[in-house]
Amino acid sequence: MKQKPIPYGRQHITEEDIAVVIENLQADYLTQGPKILEFEQAFANYVGSKYAVAVSNGTAALHLCTLALNVKEGDKVITTPITFAASANCVRYCGGEVVFADIDPETYLIDYDSVKRLVETSPKGTYKGIIPVDFAGRAVNLEKFKGLAEEHELWIIEDACHAPGGHFLDSNSIKQHCGNGNFADLAIFSFHPVKHIATGEGGMITTNNQELYQKLMTLRTHGITKDSDCYQNSPDFASGLPGQKEYPAWYMEMQTLGFNYRITDFQCALGLSQLNRAESGLVRRREIASKYEEAFKGKTFIKGQSAVVEGHAYHLYIIEAENRLGLYNYLRDHHIYAQIHYIPCHLMPYYRDFGWKEGDMPKAEEYYKHCISLPMFPTLTDDEQDLVISKICEFYNE
């Protein structure tokens, strides 16, 4: 019997999920309806933020964040090279300059000391912001970055696409959940099918800043507002009649150049259904991580692994292994589709054209030579995980 393919990630769609989507397809609104606000409020409550803005995808979320923070041509922003390209590209969308800082090889996250060195060895005002990434689901200690940011007047966008439900412990041993807004100006999440919460495509921005929230709401929908308190044109113009003191119900204003980055109601209905079982998904991911960690502990072919970490949300489980290419191909031959996260962003041809080259980020580049992401999703069965582990050990004869 042919082995069923085991991907590195997979969405989990239940009958309940399907039912709520059908129900909302039959409702009055397909878009711009009540489910969007309901999802936003539920998600804000989940991560502990004051505000949430649902959008079409995680990349749109990043772009809106840079727009809301007024990133402009020539502004320098620091991020990690070990991330999906969108974490850097959002700066380029606004004409800003991306500056990469190397990773901590123990955590795979952007290295605080590298960022600190960049900021402190440059004239004040050189950098405008930092985009730390909760890579693989491991939460960046944003308390440290917040102190640096305040000292040098920098903003922070937390890219938490991998880490809904994740947390770190602050200096008082208090859990600080990814996206709660206590240390970052803005945080973003993705609802792509392989993420913890799936809506097909979709994203969320969270913040505790009311001014930024209001800007995001306008930018999400073409730069248009329907808030009469904000209107700039007169009621006379709006109504087409002189002497009017109130705006007609149809009136709206485009006040800035925005985008159509809206999400649909039925996607948000699916998101709400998925959010209801987010915690059980986290529990299962952490069980899978514990089993991997125990299985590979002490193995000679292992250079490093994600391991068991407080607050890790385990979007990915990564091992660093010798002969990574051989292992990758061997697993594929046995219908196990591991993945590589990520090719260092600074060495993508687009960023090489800005002068980035091999040797600029030695720790990230060394990590890339060995990293491989193993199957990690809540519906991964014990038998499937046992097969993954056994095939890896078989490849290395251990």
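## Exercises on contacts and burial

At 39% relative accessibility, Glu120 counts as partly exposed. That class sits between buried (under 20% relative accessible area) and exposed (over 50%), using a 1.4 Å probe and protein chains only.

The model is predicted, so local features need pLDDT of at least 70, side-chain atom pairs count only at pLDDT 80 or more, and totals for chains, interfaces and linings use all residues. Residues are numbered from 1 along each chain as its sequence is written, and side-chain values use heavy atoms, with hydrogens and water left out.

**Exercise 1. With which residue does Lys116 form a salt bridge?**

Step 1. Recall the rule. A salt bridge needs a side-chain nitrogen of Lys or Arg within 4 Å of a carboxyl oxygen of Asp or Glu. Side chains of opposite charge can pair when their charged atoms come close.

Step 2. Apply the rule. The partner is Glu120, and the closest N and O atoms are 3.1 Å apart.

Step 3. Locate the pair. Lys116 and Glu120 both belong to helix α5 (residues 112–120). Helices are DSSP runs of H or I with at least four residues, strands are runs of E with at least two, and both are numbered from the N terminus. The two residues are four apart, about one turn of the helix.

Step 4. Lys116 has a relative accessible area of 28%, so Lys116 is partly exposed.

**Exercise 2. Compare the setting of Glu150 with that of Lys146.**

Step 1. Find the contact. Their side chains meet in a salt bridge, with N and O 4.0 Å apart.

Step 2. Find the helix. Both residues lie in α6 (residues 142–152), with a spacing of four residues, about one turn.

Step 3. Classify each one. Glu150 reaches 55% relative accessibility, so Glu150 counts as exposed. Lys146 has 23%, so Lys146 counts as partly exposed.

**Exercise 3. Which residues are linked with Arg284 in a network of salt bridges?**

Step 1. Start with one pair. Glu287 and Arg284 form a salt bridge, their closest N and O atoms lying 3.3 Å apart.

Step 2. Explain the spacing. The two are three residues apart in helix α10 (residues 278–296), so about one helical turn separates them.

Step 3. Classify them. Arg284 is buried because its relative accessible area is 16%. Glu287 is partly exposed because its relative accessibility is 43%.

Step 4. Arg284 is linked with Glu287 and Asp382. The structure holds 15 salt bridges.

**Exercise 4. Why do Tyr51 and Tyr213 count as a stacked pair?**

Step 1. Recall the rule. Rings of Phe, Tyr and Trp (its six-membered ring) pair if their centres lie within 6.5 Å; planes under 30 degrees apart count as stacked, over 60 as edge-to-face, and the rest as tilted. The whole structure has 28 aromatic pairs.

Step 2. Apply the rule. The ring centres of Tyr51 and Tyr213 are 4.6 Å apart and the planes are at 15°, so the pair is stacked.

Step 3. Tyr51 is in strand β2 (residues 51–55), and Tyr213 is in helix α7 (residues 210–220). The pair links distant parts of the chain, 162 residues apart.

Step 4. Classify them. Tyr51 is partly exposed at 21%, whereas Tyr213 is buried at 18%.

Step 5. Take another pair. The rings of Tyr292 and Phe296 are stacked because their centres are 6.1 Å apart and their planes are at 15°. Both residues are buried. They belong to one aromatic cluster, whose members include Phe301 and Tyr314.

**Exercise 5. Which strands are joined to β5 by bridges?**

Step 1. Recall the rule. Two strands pair if DSSP finds at least two bridges between them.

Step 2. Take β3 (residues 76–79). Four bridges join β3 to β5, and the two run parallel. Ile78 has Ile130 as its bridge partner in β5.

Step 3. Take β6 (residues 155–159). Two bridges join β5 to β6, again running parallel. Ile130 has Ile156 as its bridge partner in β6.

Step 4. β5, α6 and β6 make a right-handed β-α-β unit. Right-handed means that, with the strands pointing away from the viewer, the path from the first strand over the helix to the second runs clockwise.

Step 5. Check burial. Strand β5 (residues 127–131) is mostly covered, with four of its five residues buried.
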